[in-house]
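The sequence and the structure come first.

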Amino acid sequence: MTALTQMAAFTVEELNPALLVGALVLLLSVAAVRLSVRSGLPSLLLYLAIGLAIGEAGLGIRFNSAELTQVLGYSALVLILAEGGLTTHWDGIRRSVAPAALLSTLGVVVSVGVVGVAARLFLDLPWGVALLVGAVLTSTDAAAVFSVLRRVPLPRRISGLLEAESGFNDAPVVILVVALAEQTAPHATSHTWWQLVLIAAAELAGGAAIGLGVGYLGGKALRRVAPASSGLFSLGIVALGVLAYAASAMAHTSGFLAVYLCSLLLGNMDLPHRPAVRGFAEALGWLAQIGLFVLLGLLASPQRLPTQLVPAIVIGLVLLLVARPLSVLVSMTPFRVPWRDQVFLSWAGLRGAVPVVLATVPLTLGTPHVEWLFDLVFVLVVVFTLVQGPTLPWVATRLGLTDPDRLLDLDVESTPLEKLRAELLQVQVGEESRLAGVEVFELRLPKGANVTLIVRGDESFVPAPNTVLRHGDQLLVVATAENRRQVERRIRAVSERGRLAGWVSRPAPPAERRAPLPLRGRARPASSQRPD
């Protein structure tokens with residue numbers, strides 16, 4: 001009722017400026033992506049800066065609710081994990097699942113222990129709070145890593161491991177942070193370490209089972225009732241991921257692991273409208289990231305942040321130079337991962353939104369004397385992202401890990417085609433189209449354009465020049481940006497008038513018109529015709 005009352009108090013007059021600010025923030029965030037790519041800085045820093053700029057020290061928007069930040073942060077993380085699962089190719093991470101799972105469990109424990117000891121020694125914190133600091137800072141953010149690695153062709157064994165780790169490590173870290181925060185809260189029920197291990201294992205196993213079950217059954221059901229609208233189908237797919245999270249969380253298991261595994265399974269099933277689903281999921285993921293980072297920037301207070309600069313640098317150095325390398329060493333050695341790979345994985349452990357969101361958990365659970373934790377984590381994330389982010393391409397090159405011959409998975413409707421100044425056209429050969437019966441070479445497409453694929457029923461193939469088009473065929477045509485309109489005009493002309501569209505007979509010279517034809521009944525030579 002309280003929430004409904006607050007919503008009822010929000011008037012149309014208040015809605016208008018809120019929409020204005022929100023739209024401007026989104027447009028500015030979209031433009032910031034280009035700056036991020038050019039500068040090599042993760043876009044999260046720019047979004048945090050936008051939040052600080054419109055906050056109490058900038059435009060004066062006041063926001064100080066840790067509870068609302070946690071609720072919205074969890075909601076954003078659900079969408080981000082759903083997008084990560086839907087856009088991850090199983091073949092790319094299959095060999096990395098085992099080492100990534102170990103790094104996300106045993107590696108997390110090692111990292112929490114090392115940072116906890118450092119926080120106890122250098123910050124003089126109680127053991128419970130010190131370990132809580134280590135748990136909050138353990139989760140890495142692959143979105144931050146890949147935002148600076150788009151221009152670096154890493155071997156698939158490394159990029160796949162980072163991708164899998166980002167999907168797996170949020171779940172055990174959230175369980176650990178909540179457990180430690182509850183342990184240090186007043187009147188909390190105390191658990192031994194082995195009880196915490198059993199609780200965590202049960203929650204992870206339950207979340208995995210629910211996520212895989214919802215993904216498999218939901219994918220089968222959606223395939224049977226798949227609507228013709230790709231937008232509706234995309235909504236259904238994302239809704240299944242959210243359903244997996246909600247069902248798992250209500251069953252007191254790991255909702256974050258459930259949504260990731262559910263989405264990973266759905267993204268690799270043979271479902272219709274896959275390009276549309278990926279595009280819709282990516283759009284939701286971007287929206288969630290932008291909203292989350294701007295919200296965290298709003299919550300931060302620039303006046304308080306400088307007081308945590310020195311503690312953040314000290315703990316961050318321990319995390320970067322000791323905790324992360326040791327966790328990588330312990331987790332990767334059983335799989336005989338080369339030392340160069342381990343060095344890069346250690347340096348690539350960027351922190352992002354998850355640690356900042358988790359810093360609000362002790363505040364909402366009533367853990368005493370941890371008001372400074374959010375500021376410390378915020379400063380640490382910003383400082384070490386500035387240090388690690390721009391240097392990741394250089395580190396990869398110095399370690400000899402770049403792979404210029406690696407094949408990339410391209411989304412044909414997005415940036416790669418724009419960089420190549422190429423466009424993709426889809427052509428449907430309708431029932432009345434005179435494209436049917438025309439051979440591919442007879443289309444006489446302009447230079448720089450070509451039919452790259454034909455989908456015929458359940459079969460798809462690369463056409464030869466003499467491939468004959470049929471009714472119902474779908475053609476994928478790649479053309480340069482300069483001649484796209486010319487290609488469209490040419491295909492429409494052949495569709496309407498047939499293979500001879502655009503060809504006209506040359507007018508014969510006057511002498512030829514007066515002279516009788518030497519051979520009656522023969523067609524004029526091909527040289528007497530020309531295309532427009």
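In this predicted model, Arg-324 and Glu-165 form a salt bridge, with their closest N and O atoms 2.8 Å apart. Arg-324 belongs to helix α15 and Glu-165 to helix α9 (residues 156-168), so the pair ties together parts that are 159 residues apart in sequence. Both Arg-324 and Glu-165 are buried.

The whole structure holds six salt bridges. Side chains of opposite charge can pair when their charged atoms come close. Three of these bridges are listed here.

| Salt bridge | N to O distance |
|---|---|
| Arg-324 and Glu-165 | 2.8 Å |
| Asp-375 and Arg-304 | 2.9 Å |
| Glu-442 and Arg-499 | 3.1 Å |

The side chains of Asp-375 and Arg-304 meet in a salt bridge. Asp-375 is in helix α19 (residues 373-388), while Arg-304 is in the loop between α14 (274-299) and α15, so this bridge ties together parts 71 residues apart in sequence. Asp-375 counts as buried because its relative accessibility is 3%. Arg-304, at 41%, counts as partly exposed.

A salt bridge also joins Glu-442 and Arg-499. Glu-442 sits in the loop between β1 (422-428) and β2 (450-456), and Arg-499 in the loop between α22 (484-497) and β5 (503-505), so the parts tied together are 57 residues apart in sequence. The relative accessibility of Glu-442 is 16%, so Glu-442 counts as buried. Arg-499 has 36% and counts as partly exposed.

Next come the nonpolar cores. The largest has 85 residues, and Phe-256, Leu-296, Leu-358 and Val-377 have the most contacts inside it. Another core, of 18 residues, lies apart from it and includes Val-438, Leu-443, Leu-445 and Val-494. Beyond its neighbours within four places in sequence, Leu-358 is in contact with Tyr-74, Val-136, Val-173, Val-174 and Val-177.

Val-173, Val-174 and Val-177 are among the buried residues of α10. That helix is mostly covered, with eleven of its 15 residues buried. Asp-170 and Thr-184 are also among those buried. How far apart are the end C-alpha atoms of helix α10 (residues 170-184)? They are 21 Å apart, which agrees with the 21 Å that 15 residues should span at 1.5 Å a residue.

Ile-313 has its place in helix α15 (residues 309-332). With a relative accessible area of 34%, Ile-313 is partly exposed.

How values were computed. Residues are numbered from 1 along each chain as its sequence is written. This is a predicted model: local features need pLDDT of at least 70, side-chain atom pairs count only at pLDDT 80 or more; totals for chains, interfaces and linings use all residues. Side-chain values use heavy atoms; hydrogens and water are left out. Helices (H or I, at least four residues) and strands (E, at least two) are DSSP runs, numbered from the N terminus. Buried means under 20% relative accessible area, exposed over 50%, partly exposed in between (1.4 Å probe, protein chains only). The expected span of a helix is 1.5 Å times one less than its number of residues. A nonpolar core is a set of buried Ala, Val, Leu, Ile, Met, Phe, Trp, Tyr and Cys residues joined through side-chain atoms within 4.5 Å. Contact means heavy atoms within 4.5 Å. A salt bridge is a side-chain nitrogen of Lys or Arg within 4 Å of a carboxyl oxygen of Asp or Glu.
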